[in-house]
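This report covers backbone geometry, helix packing and nonpolar cores. The chain under discussion is shown below.

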Amino acid sequence: PPSGMSTAEWGQLNHRLDIATSAYSGPWSVDTIPVMRGILDALDDDSIREVTIQKPSQEAGSESVLVWLKRVAAEDPGPAMWVFADEGTAKKFCETRIQPAFRACPALAGLIDEAHFNQDEIRLKNGFSLIMTWASSVAKTASVPVRYLITDEICKPAYSKTQGEGGVIRRIKQRTSKFPNYKFVKLSSVNVDGDNMAREMARTDAAFDFNVPCPHCNHEQPM
């Protein structure tokens, strides 16, 4: 049954960082990346359908989204898709980040369907499934309806191409049309004005900045 915990609380018990992909190894805690607390709260909010994350490079955005995805895999399973900019990135991220994270998670390790646990897909015995794909693959991104949709590094050129069903992000979002309770996550590091991230941020109903104090004058500065 669902634990009733937030992703931030659940992650502290069920997610560990690996020195191979992080600055340190050990239990994950949102307190080390406080910028992500509000984002995780938005992902947990059932009234919010889409979350757009504009972040600095190497700011643990994908790691935090992975923690949230693991929680819903354990407590609210459904079909999911994680879209990357290219095939190589999709397969490498799955092999080095997603698969080890699922195997090391006490709440998920015993649910793994070994026949469907590879660079292309992950299935659990509780009905959760995850497809890894990339923006330029029309066939893979049009293959199945999904409840949980993540588009990573949407400022990369592969997301800017116009294809048969319209823009890439619009085409990918159509995969959620059968789920009124879908969640669509868009994230990328900051790029130039006029790119996909700027357009997606302009479409949001509400936008929030994370501010940090200047070490010299203590004035709050947006990240």
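In which loop is E153 found? The model is predicted, and in it E153 lies in the loop between β8 (148-152) and β9 (162-163).

## Positive phi angles

Most residues other than glycine have a negative phi. E153, which is not a glycine, has a positive phi of about 55 degrees. With a relative accessible area of 21%, E153 is partly exposed.

N218 also is a residue other than glycine with a positive phi, near 70 degrees. The loop between β12 (211-213) and β13 (220-222) holds N218, and N218 is exposed at a relative accessible area of 56%.

## Packing of α3 and α4

Helix α3 (residues 61-75) and helix α4 (residues 87-103) have axes that come within 11 Å and cross at roughly 45 degrees. The two helices, α3 and α4, are therefore oblique to each other, and the crossing of α3 past α4 is right-handed.

On the α3 side, S62, E63, L66, K70 and A73 make the contact; α4 contributes F93, R97, I98, A101 and F102. By type, the residues of this contact comprise 6 nonpolar, 1 polar and 3 charged.

## Nonpolar cores

The largest nonpolar core has 44 residues, of which W68, L69, W82, I98, F102, I122 and L130 touch the most other members. Helix α3 supplies the largest share of this core, 7 residues. A second, separate core has 16 residues, including A135, I172, Y182 and F184.

Leaving aside residues up to four places away in sequence, F102 touches L66, K70, A73, L108, A109, I112, F117, I122, L124 and F128.

Technical notes
Residues are numbered from 1 along each chain as its sequence is written. This is a predicted model: local features need pLDDT of at least 70, side-chain atom pairs count only at pLDDT 80 or more; totals for chains, interfaces and linings use all residues. Side-chain values use heavy atoms; hydrogens and water are left out. Axes are lines fitted to C-alpha atoms, for helices over the stretch in contact, and angles run from 0 to 180 degrees between N-to-C directions. Helices (H or I, at least four residues) and strands (E, at least two) are DSSP runs, numbered from the N terminus. Angles under 35 degrees count as roughly parallel, over 145 as roughly antiparallel, 65 to 115 as roughly perpendicular and the rest as oblique. A crossing is left-handed if the near helix is turned anticlockwise from the far one by less than a right angle, and right-handed if clockwise. Contact means heavy atoms within 4.5 Å. Ala, Val, Leu, Ile, Met, Phe, Trp, Tyr, Cys and Pro count as nonpolar, Asp, Glu, Lys and Arg as charged, and the others, Gly among them, as polar. A nonpolar core is a set of buried Ala, Val, Leu, Ile, Met, Phe, Trp, Tyr and Cys residues joined through side-chain atoms within 4.5 Å. Buried means under 20% relative accessible area, exposed over 50%, partly exposed in between (1.4 Å probe, protein chains only).
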